[in-house]
Amino acid sequence: MNRTWLLIVAVVVTAILTFVITALLINIFEKKSQGSTSFAKVVEIDSHTADPAVWGKNFPTQYEDYLKTGEFTQSAHGGTLVAPVQEDDPRESITSSKIEEDPRLKVMWAGYPFSVDYRHARGHEYMKIDQENTLRVKEFNQPGACLNCHVSTPILMEELGNGDLDQGFAEMNKMSFADASALAEHPVTCIDCHDPETMDLVITRPALKNALNKLKASEGIEDYDVNRDATRQEMRSYVCAQCHVEYYFAGEEKTLTFPWAQGLDIDDEWNYYASMETPHVDYVHATTEASILKAQHPEFEIWSQGVHAANGVSCADCHMNYKKEGAEKVSNHHITSPTADLNASCGTCHDTDDGVLEERITTIQDRFLESRDRAMDALVDLVDDIETAMDEGVSEEQLNLARHYQNKASFYADYVYSENSYGFHAPDYIQRILSTSLDASRKGQMALAGASAEELEPSEISRANLEASLRAQGKSGD
C-alpha cells in the first residue's frame with residue numbers, strides 16, 4: 001500500500017514539475033521571439049515622414065511617452081504654470097517668468113531681448129509654440145537660425161536646400177525667424193534623431209556635425225564624422241547636443257556655430273571668443289556700454305565635465321531611462337527630469353536607501369544656488385559701480401578694463417544660470433565657474449579703483465599651480 005502511494009505521489013510531482021518546466025520554456029521562447037522582433041511595421045516611414053503620429057503606429061510605446069512631453073512636470077526649480085500675459089497668445093498657459101523671480105537678470109542682460117522675456121523651460125511639445133510667442137521674438141528681429149533648436153528641421157532644411165542639407169541649413173539660418181517658422185509644422189520629432197530605415201540614432205543638425213569635427217581636430221582626430229565614427233553610447237548624448245549647447249550666430253549669414261574648436265571647457269570657449277579676429281559681441285550693455293557675450297543653455301558642455309560623463313553615462317541614461325515593455329527594453333521618450341522617477345533613472349546604478357538620492361540632489365542644488373547668488377550679487381554691484389564711475393568721469397582706460405571684467409563675470413554667471421541642472425551635472429566644475437565670475441567682478445571693481453591690467457593678473461603662485469594642473473591633464477607642454 002505504501003509503495004502504491006509513493007508511486008502516485010511521484011507521478012503527481014513529476015507531472016507538476018514537467019508542467020512548470022514546460023510553461024517556463026514556452027515563456028522563455030515567447031520572450032525571445034518578442035525580443036528578436038524590433039518592431040511591427042504597420043506603416044511605411046521614410047526620410048520625409050515628419051509627423052510623429054505616423055511613426056507612433058510602428059512604435060506605440062515610444063509615441064505614448066513622447067506625447068507626455070506636453071505635460072508639465074513640477075520640480076523644485078522648474079517654476080509654475082501661469083496665465084498668458086498677451087491678449088493674442090494662443091496658449092492656454094505659460095511658464096512663470098525667471099526675470100520677475102530674479103530681477104538681477106534684467107541688470108545682467110540690460111539692452112538684450114532676454115531682459116524683456118525669459119521663462120522656465122518645459123517639455124519638447126512646446127519648443128515651437130513657446131518660441132514663436134516669446135516677446136524676444138515678437139518684439140525683436142530674430143534669425144531663422146533659432147529654428148535649429150525649436151522645430152523639426154531635417155525636411156525643412158532639405159527643402160530649402162533642394163536636397164542639400166548643408167545648403168538648406170545655410171538658407172534657414174539667414175531667413176527671418178517668422179518666415180522660417182512658418183515653413184515648419186512640428187517641434188522636434190522622431191525624424192530629428194532616428195534613421196527611418198534602421199532606427200539607429202543619427203545627427204541631423206549640421207551645426208553639431210561641424211562643431212564635433214573641429215573639436216576632434218583639436219584633439220588630433222582628423223576628418224571626424226559623428227554619424228560614421230561615434231559609438232552608440234556616445235550618440236545617446238550627441239543627439240541631445242544638437243540643441244542643449246552654447247552657441248552663437250556667426251557673420252552676416254547668422255550661421256549657427258558652437259565655439260568648440262579649442263575644447264568644451266568654459267575657459268576654452270571664452271578663449272575661443274577672445275581669439276577671434278573680430279571678437280564676437282552679442283549685445284552692448286544698455287547702461288555700462290560693455291560689449292557682452294550672452295551664454296546659452298550649455299547642458300552638454302557642463303555634463304561633459306562631470307562624473308557621469310567620465311564614467312560613460314549618457315544624457316539618455318538619466319533623462320530617457322530604459323524601461324521594460326513585455327520582453328522589450330525601450331527608452332522612455334517622455335524626456336523629463338530624472339527626479340520624476342529616481343528609482344528608474346538613478347536606481348539602476350545607485351543602490352541606496354530611500355531619501356539618500358533626494359538629499360544628495362537637494363544638497364548639490366542648494367550649494368549651487370548659494371554660490372550663484374554671491375556671483376550674481378557681485379555682478380550687479382559691478383554694474384552699479386561702472387554706472388557711477390561713468391557719471392563721475394573715471395578714465396576710459398579704467399572703464400574699459402572694468403567693462404572687460406563685466407563681460408567675463410556676466411558670461412560665466414550666465415553660463416550656469418541658463419544651464420538647467422541647477423548645479424547637478426558637474427557640481428565641482430560649476431563651483432569653479434562661479435568663483436571665476438565672482439573674481440571677475442572683484443577685479444572689475446579694482447579696475448575702477450585704479451588697478452592696472454598687469455596688477456590684476458594672477459599671482460606667480462596661481463600661475464604655477466595652473467601650469468601644474470594643465471600638465472597633469474596633458475594640456476600644456478611647459
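Guide: A charge sits over a ring if NZ of Lys or CZ of Arg is within 6 Å of the ring centre and within 35 degrees of the ring normal. Here K216 lies over the face of Y224, at 5.2 Å from the ring centre, and K329 over that of Y322, at 4.3 Å.

Visitor: What should I keep in mind about the model?

Guide: It is predicted: local features need pLDDT of at least 70, side-chain atom pairs count only at pLDDT 80 or more, and totals for chains, interfaces and linings use all residues. Residues are numbered from 1 along each chain as its sequence is written, and side-chain values use heavy atoms, leaving out hydrogens and water.

Visitor: How is a pair of aromatic rings described?

Guide: By the distance of the centres and the angle of the planes. Rings of Phe, Tyr and Trp (its six-membered ring) pair if their centres lie within 6.5 Å; planes under 30 degrees apart are stacked, over 60 edge-to-face, the rest tilted. This rule gives 20 aromatic pairs. Y63 and Y66 are stacked, with 6.2 Å between centres and 20° between planes.

Visitor: Are Y63 and Y66 buried or exposed?

Guide: Buried means under 20% relative accessible area, exposed over 50%, partly exposed in between (1.4 Å probe, protein chains only). Y63 is partly exposed at 23%, whereas Y66 is buried at 11%.
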